[in-house]
Amino acid sequence: MNSSEEPLRRNGIAPIKQEYIIKKEDKFIKQEIAEIATGAVLEDTPDSAVSEEPPKKKSRITRTRESNKRYKERAVKTFTEVKRLCHKTAVGENCDFDQCKYDHDLTAFLEIKEKDLGDRCVNFEKFGKCRYGYKCRFSKSHMTPDGKLIVNEKLASLGIVEEKNGLTHEMQKLLRKNLYRFPKSDSYLKDIDGEISKQKEIEEQNKLAKLQATDLVTDKSDQITTPQNQVVIDDTSTAEINIHHSTTELNDKNLVVQTLENDNEGACEMKSDDTVLIRDKMEDFSASTDTPDVPLRACEKKKISFKNKLYLAPLTTVGNLPFRRICKEFGADITCGEMAMATNLLQGQQSEWALLKRHVSEDVFGVQICGCKAQHMVKCAEVLMNEVEVDFIDVNLGCPIDLVYNKGGGTALLRHDGRLGKILRGMNRVTDIPITVKLRTGIQDDTPVAHKLVPKFENWGVSMATLHGRSRQQRYTKLADWKYISKVSFTANEIPLFGNGDVLGYTDYYEHIEKHHVDGVMIGRGALIKPWIFDEIKSRRHYDISSRERLDILKKYCDYGMEHWGSDSIGINQTRRFFCEWMSFLYRYIPVGLLEVLPQRINERPPFFRGRDELETLLASGNSNDWVKLSEMFLGPAHESFKFVPKHASNSYEASSYEG
């Protein structure tokens with residue numbers, strides 16, 4: 001293998017050794033291998049789908065239509081149990097709640113319950129007691145022949161808890177009824193409202209002054225009524241807020257506009273250099289406004305050493321807790337939960353709070369929130385500070401999807417630095433943990449704005465920033481612009497700046513660290529394609545992992561999934577769905593031994609190839625039916641209603657997981 005012969009690479013095509021490439025006449029090879037490995041027959045592949053090169057990239061309009069179609073297909077049918085057994089009844093206890101809406105007939109439930117999937121329950125083995133009881137699809141492993149549930153008293157007495165940050169019923173009730181108190185946020189927002197009122201007053205005064213000045217300019221008379229030929233206009237650009245006082249003091253500066261007498265017409269003119277453009281200055285003014293009475297000094301806040309740490313990116317859908325556990329085992333230093341919407345968290349939505357859960361192995365863990373208004377983001381930061389165990393809070397400034405962007409969140413905040421400044425200062429005021437941000441280069445390809453925003457972050461209280469080298473318009477097309485990231489790194493002042501984009505090996509990582517002057521690299525899709533990338537970086541080697549080792553990783557993921565989502569029918573279904581979502585990235589890995597040139601590049605699409613054994617070939621299949629069959633090795637047969645449609649069209653190399 002040669003890692004220096006770049007001419008061997010073809011543009012956009014992975015350099016796989018010829019002996020492993022599948023020719024047209026071998027188009028049924030994967031079907032035969034799948035039959036051997038899983039005992040299942042795959043659908044016939046049409047001749048047009050088998051070629052030496054991947055199909056050409058589709059237009060953006062075509063991709064958008066297909067994406068909308070996929071989302072509709074995903075929403076058609078969701079799995080539900082025929083009988084929803086009460087949890088108390090399921091674990092062998094009596095339900096005392098008179099208005100319980102769930103079923104309590106255990107005998108009827110057991111009669112229609114689907115047969116067990118195996119004789120090993122991961123929850124029973126780890127905790128000594130399965131919290132799903134009779135609903136567990138592996139209930140035989142913790143049930144006596146006469147139908148009694150078994151409890152390992154020795155293990156159960158240890159009270160092992162591996163997940164934190166759950167939403168309690170009491171907390172959810174307070175949030176839903178708007179009874180939760182936000183004293184710090186209310187104080188900050190009250191001060192902000194006062195500042196806004198002051199700004200509006202100043203703006204109105206300047207509008208009035210400008211109208212008066214315009215009347216003077218248009219006046220054709222030779223007489224100037226203003227003493228000493230001067231017009232007074234307020235300038236909001238010199239307004240300042242004193243952070244050490246509870247009241248806001250504005251020092252208005254009077255601008256003097258000299259008027260000149262025209263020899264021929266006797267008209268007045270204003271010097272263009274002295275005119276005040278209020279509309280252009282208001283946003284900068286609001287961004288530079290300090291917050292009053294910060295409870296903690298900077299030296300009193302918790303600090304995290306981010307520099308040179310391996311940071312797993314927050315990944316929507318696929319960056320779940322079981323996946324993060326896998327990455328931690330391979331050496332990830334910092335992990336972050338999936339993007340959560342601030343408004344949903346404040347409403348006490350259970351599904352949104354589930355994104356904040358943290359495993360005990362995640363020693364440096366943060367949560368990422370997204371929103372567009374200070375009143376939501378600041379309150380959300382306060383409730384997270386009080387109620388969950390996190391080391392930092394990350395603000396999403398990089399979400400490109402229309403649903404978020406059109407509401408003013410994600411990348412939309414990049415064009416409203418005044419609003420963004422209020423959000424970040426407020427979050428910094430109500431918390432004593434670091435506030436970080438993740439942003440893109442800008443909204444449009446040709447108008448990057450990150451180099452203007454990053455220098456302001458330190459004054460806004462940001463502890464670390466991560467720059468993804470793509471714009472919103474670019475999404476995941478083309479390569480990340482690391483030259484621009486390098487340019488922005490010189491403007492970061494004292495805060496650490498991480499780069500993000502297209503890292504798939506240790507050579508990519510160290511090249512960016514050494515050449516582009518960043519303090520670290522956040523890894524997203526590279527970890528999805530090969531989660532052992534963290535081990536490769538720390539050991540500085542290309543890891544030629546075997547197909548059996550990769551299968552063991554998948555088995556471990558399923559075990560972690562059943563611990564997290566449950567070992568009942570609903571939990572098994574959830575685990576299977578997220579397993580297939582991860583496979584839509586994992587199958588893109590090309591084994592090191594098959595490459596002519598190292599390393600694999602994230603933007604290179606492999607031609608159809610066979611592996612060194614049947615299992616390796618199966619793991620490289622881009623057919624979602626194969627992913628379901630792989631899941632059945634660990635989770636048993638899929639329910640007849642289960643139909644997997646990838647949320648991210650990565651299997652066509654046209655789109656990817658959103659890195660928040």
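Predicted model: local features only at pLDDT ≥ 70, side-chain atom pairs only at ≥ 80, totals over all residues.
Helix H24 itself covers residues 624-635, a run of 12 residues. From its first C-alpha to its last, H24 reaches 16 Å, close to the 16 Å expected at 1.5 Å a residue. At the N-terminal end, H24 is capped by Asn623, which places a side-chain oxygen 2.9 Å from the backbone nitrogen of Asn625. The buried residues of the helix are Ser624, Asp626, Trp627, Val628, Leu630, Ser631, Phe634 and Leu635.

Glu632 also belongs to H24. With a relative accessible area of 26%, Glu632 is partly exposed, since the buried class is limited to values under 20%. Apart from residues up to four places away in sequence, Glu632 touches Arg576, Pro637 and Ala638. A polar atom of the Glu632 side chain lies 3.1 Å from the backbone nitrogen of Ala638. Glu632 and Leu117 are separated by 515 residues in sequence, while their C-alpha atoms are 9.8 Å apart in space.

A helix pair is formed by H21 (residues 547-565) and H22 (residues 569-586), whose axes come within 9 Å and cross at roughly 145°. The crossing of H21 and H22 is right-handed. On the H21 side, the contact is made by Arg550, Ile553, Leu554, Tyr557, Cys558, Gly561, Met562 and Trp565. H22 contributes Gly571, Ile572, Gln574, Thr575, Phe578, Phe579, Trp582, Met583 and Leu586. Sorted by class, the residues in the contact of H21 with H22 are 12 nonpolar, four polar and one charged.

Ser471 is located in the loop that runs between strand S11 (462-468) and helix H17 (482-489). The relative accessible area of Ser471 is 1%, so this residue is classed as buried. When neighbours within four places in sequence are left aside, Ser471 is in contact with Arg440, Thr441, Gly442, Ile443, Gln444 and Asp445.

For the protein chain as a whole, the secondary structure comprises 24 helices and 13 strands. Of the 660 residues in the chain, 52% are buried. Among contacts between residues at least 6 apart in sequence, 73% join residues at least 24 apart.

Note on methods: Residues numbered from 1 in each chain as written. Heavy atoms only, no water. Helix = DSSP H or I, 4+ residues; strand = E, 2+ residues; numbered from the N terminus. Expected span 1.5 Å × (residues − 1). Buried < 20%, exposed > 50% of the residue type's maximum accessible area, 1.4 Å probe, protein only. Polar contact = N/O pair within 3.5 Å; in protein donor to acceptor, adjacent residues only side chain to side chain. Axes fitted to C-alpha atoms, helices over the stretch in contact; angles between N-to-C directions. Left-handed = near helix turned anticlockwise from the far one by under 90°. Contact = heavy atoms within 4.5 Å. Nonpolar A, V, L, I, M, F, W, Y, C, P; charged D, E, K, R; others polar.
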